[in-house]
Amino acid sequence: MKIFRSLDEIGDIESTVVALGNFDGIHIGHRSLIDEAVRISSERGLKSAIFTFSNHPKNVMSGENLVKNILYEDEKVALVEKLGINYMFSLNFDDTMMHISPEDFARELLCKKFKADIAICGFNFSYGYKAEGNADNLCEFGNKMGFETVVKEPIIVDNEIVSSTLIRNKITSGDVESAALLLGRNYSIRGVVIYGNQIGRTIGFPTCNITIDDSMVSPANGAYVSYCYVDGKRYDSVTNVGNKPTVGNYSKNIETNILDFDEDIYGSEVKIEFLKLMRTEEKFNGLEELRSQLKKDVKLARKHHNQP
């Protein structure tokens with residue numbers, strides 16, 4: 001897959017079938033557009049392509065980090081490549097993109113830069129200045145400018161339209177199981193293991209601590225069945241997200257007890273996959289009560305990990 005990160009990088013490319021969207025989650029709805037682009041390109045002898053932004057337009061326009069990420073940029077690239085895309089136009093949403101008219105978007109970008117014979121978008125796709133462009137006028141521009149437009153209907157799960165906003169809401173409420181169903185994979189966060197207060201080790205439950213990545217969606221406070229990846233190897237684990245109210249007043253962080261693991265991994269990057277919320281965060285009456293609950297958490301997590 002060839003990646004273009006600016007319009008200036010795009011040179012003499014072959015004609016494309018291009019999927020359009022922010023693709024900030026590569027969830028099952030996004031994949032339906034990408035799969036369609038790959039399928040049609042194969043049938044018609046064209047190149048498959050995806051147009052997306054490397055930053056979120058709402059964050060640029062607001063000047064704040066309002067919309068949290070569902071996946072990291074390198075994960076996004078890997079997922080898109082795995083789906084069979086030939087060209088990835090991953091551009092920065094800047095002042096030029098913010099003010100381009102819908103017609104100029106269609107003419108200058110789709111036709112001239114992306115060499116689109118076919119454009120594929122979702123039913124709610126918007127583009128151009130003040131989001132004045134939509135699926136309907138994209139069809140009109142296509143008829144006038146010579147490209148075909150395919151508009152995909154939404155993917156619906158449990159009577160809800162699959163969207164990145166819905167997935168973010170599932171994660172922040174702790175419903176990581178539903179989020180995984182919509183994503184087509186488990187939600188995960190990465191981080192470097194740092195030194196904590198060592199209380200877990202003193203009560204028989206040593207943990208690796210990572211700070212919350214403010215750019216990522218943060219799961220609700222609580223105890224989760226999880227996987228922890230260390231040097232690419234997956235381990236069964238229990239993960240607590242929260243402020244550790246039993247032992248003090250702390251900033252929100254992530255602590256993972258890797259089951260049957262006793263290695264020094266301080267300074268290493270780990271990835272935590274969230275599988276299931278076992279309970280919400282609680283304040284216990286001392287360390288002994290906390291130890292008792294952690295034993296129950298580990299027992300429940302082992303049962304989950306060992307089920308067929």
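This is a predicted model: local features need pLDDT of at least 70, side-chain atom pairs count only at pLDDT 80 or more; totals for chains, interfaces and linings use all residues.
Some ground rules. Local features need pLDDT of at least 70 and side-chain atom pairs count only at pLDDT 80 or more, while totals for chains, interfaces and linings use all residues. Residues are numbered from 1 along each chain as its sequence is written, and side-chain values use heavy atoms, with hydrogens and water left out. Helices (H or I, at least four residues) and strands (E, at least two) are DSSP runs, numbered from the N terminus.

I start with helix H7, residues 164-172, and helix H8, residues 176-183. Their axes come within 7 Å and cross at roughly 155°. Axes here are lines fitted to C-alpha atoms, for helices over the stretch in contact, and angles run from 0 to 180 degrees between N-to-C directions. H7 and H8 are therefore roughly antiparallel; angles under 35 degrees count as roughly parallel, over 145 as roughly antiparallel, 65 to 115 as roughly perpendicular and the rest as oblique. On the H7 side the contact (heavy atoms within 4.5 Å) uses Leu166, Ile167, Lys170 and Ile171, and on the H8 side Val176, Ser178, Ala179, Leu182 and Leu183.

The second pair is H5, residues 102-113, with H6, residues 135-145. These axes come within 10 Å and cross at roughly 55°, which makes H5 oblique to H6. Pro102, Glu103, Ala106, Arg107, Leu110 and Cys111 of H5 meet Leu138, Phe141, Lys144 and Met145 of H6.

Next, the cores. A nonpolar core is a set of buried Ala, Val, Leu, Ile, Met, Phe, Trp, Tyr and Cys residues joined through side-chain atoms within 4.5 Å. Buried means under 20% relative accessible area, exposed over 50%, partly exposed in between (1.4 Å probe, protein chains only). The largest core has 31 residues, and Ile167, Tyr187, Val230, Ile258, Ile265, Val270 and Phe274 have the most contacts inside it. Elements giving two or more residues to this core include H7, H8, strand E13 (222-230) and strand E16 (269-280). H8 supplies the largest share, four residues. Leaving aside residues up to four places away in sequence, Val230 touches Tyr235, Ile258, Ile265 and Val270. Another core, of 28 residues, lies apart from that one, and Phe51, Phe105, Leu110 and Ala116 are among its members.

Last, His27. Where does Histidine 27 lie? Its place is the loop between strand E2 (16-20) and helix H1 (28-44). Histidine 27 is buried, at a relative accessible area of 3%. Again not counting residues up to four places away in sequence, Histidine 27 touches Val162, Ser163, Ser164, Ile167, Leu182 and Leu183.
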